Amino acid sequence: MQTLFLLLAQFDGRAVIPLSEVQKAFFPHLEENKLLLKINRGEIALPVMRAERSQKAARGVHVNDLAEYIDTQRAAAVKERDQLCGLGNHRRP
């Protein structure tokens with residue numbers, strides 16, 4: 001939930017963030033069209049929406065979906081770190 005509030009602050013309280021802004025903030029190593037291609041292939045699990053059905057409508061990402069994506073990526077990184085460091089379920093106090 002904390003990630004959601006941070007994103008709302010970062011993106012001026014907007015519910016839907018333009019894909020171009022998501023790309024610049026979180027995927028600067030990818031061009032926007034490459035990001036969209038990876039999303040469409042399922043390589044990046046981030047839902048992209050349009051405000052209307054038109055093919056020309058701007059694409060965006062709902063702030064809840066972006067927060068969930070970030071939290072999922074973080075959880076995977078923590079799990080990987082714990083496995084590499086031998087932390088797992090046997091954490092020391």
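Which helices and strands do the buried residues of H4 pack against? Before the answer, a word on the model: it is predicted, so local features need pLDDT of at least 70 and side-chain atom pairs count only at pLDDT 80 or more, while totals for chains, interfaces and linings use all residues. Residues are numbered from 1 along each chain as its sequence is written, and side-chain values use heavy atoms, with hydrogens and water left out.

Now to the packing. The buried residues of H4 sit against helix H1 (2-10), strand S1 (16-18), helix H2 (19-26) and strand S3 (59-62). Helices (H or I, at least four residues) and strands (E, at least two) are DSSP runs, numbered from the N terminus. The H4 residues in question are Val63, Leu66, Ala67, Tyr69 and Asp82; buried means under 20% relative accessible area, exposed over 50%, and partly exposed in between (1.4 Å probe, protein chains only).

H4 itself covers residues 63-85, and its 23 residues should span 33 Å at 1.5 Å a residue, the expected span being 1.5 Å times one less than the number of residues. The end C-alpha atoms are 33 Å apart, which agrees. Just after the helix, Gly86 has a positive phi of about 70°.

On to the strands, where pairing takes at least two DSSP bridges between two strands. S1 and S3 run antiparallel, joined by three bridges, with Ile17 opposite Val61 of S3. S2 (residues 49-50) also pairs with S3 in the antiparallel sense, over two bridges, and Met49 has Gly60 in S3 as its bridge partner.

Finally, look at Gln23 in helix H2. Gln23 counts as buried because its relative accessible area is 11%. Leaving aside residues up to four places away in sequence, Gln23 touches Pro28, Leu30, Glu31, Glu32 and Leu35, contact meaning heavy atoms within 4.5 Å.
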